[in-house]
Amino acid sequence: AVVSTQSTGGVYKSRDCKVDIKDRSLSVGLKGQEPIIKGELFAKILTDEAMWHLEDSQVVVLTLEKFNKVEWWGTIMKGDTEISTKKVQPENSKLGDLDGETRGMVEKMMYDQRQKAAGKPTSDDEKKAETMRKFMEQHPEMDFSKCKWG
């Protein structure tokens with residue numbers, strides 16, 4: 001998420017700004033004054049990925065990366081007016097446009113959704129069953145006949 005806030009006038013340098021970014025809170029303002037933004041974030045962020053810079057000597061631009069990248073936020077700061085994320089229409093994109101990791105995750109989600117709709121096991125269920133099958137093969141001396149799966 002990229003967040004911008006404009007100062008109340010004047011020309012400033014980065015050293016005039018006081019920006020405090022924590023995993024669950026944010027404070028932005030000018031040194032010696034009350035912060036323009038101060039409060040709890042909607043959800044946790046990755047502080048190691050957070051950045052800020054001063055643009056046009058008046059606008060503080062923050063770049064925040066969500067800890068849970070697939071979660072939609074209704075607002076940046078808790079207590080602010082929330083938007084309805086149900087009304088947001090994401091851009092249509094092709095699987096080929098996604099990076100490898102994201103594409104793999106989307107394909108897995110689509111597969112699991114089809115499996116559930118058909119009443120079949122998801123990829124995680126299949127993985128657990130395969131692990132259990134291998135374990136049973138490696139331990140023929142054990143009796144699994146009274147085990148409950150599921």
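A residue is called buried here when its relative accessible area is under 20%, exposed when that value is over 50%, and partly exposed in between (1.4 Å probe, protein chains only). The model is predicted, and local features need pLDDT of at least 70, side-chain atom pairs count only at pLDDT 80 or more, and totals for chains, interfaces and linings use all residues. Residues are numbered from 1 along each chain as its sequence is written, and side-chain values use heavy atoms, with hydrogens and water left out.

Helices (H or I, at least four residues) and strands (E, at least two) are taken as DSSP runs and numbered from the N terminus. With that numbering, arginine 15 lies in the loop that runs between β1 (2-6) and β2 (17-21), and because its relative accessible area is 60%, arginine 15 is classed as exposed. Lysine 31 belongs to the loop between β3 (25-30) and β4 (37-40), and with 51% relative accessibility lysine 31 also counts as exposed. Together with Lys13, Lys18 and Lys38, Arg15 and Lys31 gather in a surface patch of positive charge. Such patches consist of residues with over 30% relative accessible area and no salt bridge, like charges being joined within 9 Å and nonpolar side chains (Val, Leu, Ile, Met, Phe, Trp, Tyr) within 5 Å. From lysine 31 to cysteine 147 the C-alpha to C-alpha separation is 65 Å in space, across 116 residues in sequence.

A nonpolar patch on the surface is formed by Val70, Met105 and Met109, which together have about 300 Å² of accessible area, areas here coming from the Shrake-Rupley method with a 1.4 Å probe and, for residues, with only the protein chains shown counting as cover. Valine 70 sits in the loop between β6 and α1 and is exposed, at a relative accessible area of 55%. Threonine 75 lies in the loop between β6 (59-63) and α1 (100-117), but is buried, with 11% relative accessibility, and its side chain reaches the backbone oxygen of methionine 77 at 3.3 Å.

Side chains of opposite charge can pair when their charged atoms come close. Eight salt bridges are present in the structure, a salt bridge being a side-chain nitrogen of Lys or Arg within 4 Å of a carboxyl oxygen of Asp or Glu. In one of them, lysine 78 is paired with glutamate 40, and the closest N and O atoms are 3.2 Å apart. Because lysine 78 lies in the loop between β6 and α1 while glutamate 40 is in strand β4, the pair ties together parts that are 38 residues apart in sequence. Lysine 78 is partly exposed at 46% relative accessible area, and glutamate 40 is partly exposed at 41%.

Within helix α1, aspartate 112 and lysine 108 are four residues apart, about one turn of the helix, and their side chains meet in a salt bridge of 3.3 Å, N to O. Aspartate 112 is buried, with a relative accessible area of 12%, whereas lysine 108 is partly exposed at 36%. The side chain of lysine 108 also makes a polar contact with that of serine 123 at 3.5 Å; a polar contact is a pair of N or O atoms within 3.5 Å, where within protein one must be able to donate a hydrogen and the other to accept it, and residues adjacent in sequence count only if both atoms are side-chain atoms. Serine 123 is placed in helix α2 (residues 123-138) and counts as buried at 19% relative accessibility.

Helix α2 also holds glutamate 130 and arginine 133, three residues apart, whose side chains meet in a salt bridge of 2.4 Å, N to O. Through salt bridges that share partners, Lys108, Asp112 and Asp124 are joined into one network.

Conventions:
Lys, Arg positive; Asp, Glu negative; His and termini not counted. Charge placed at Lys NZ, Arg CZ, Asp CG, Glu CD.
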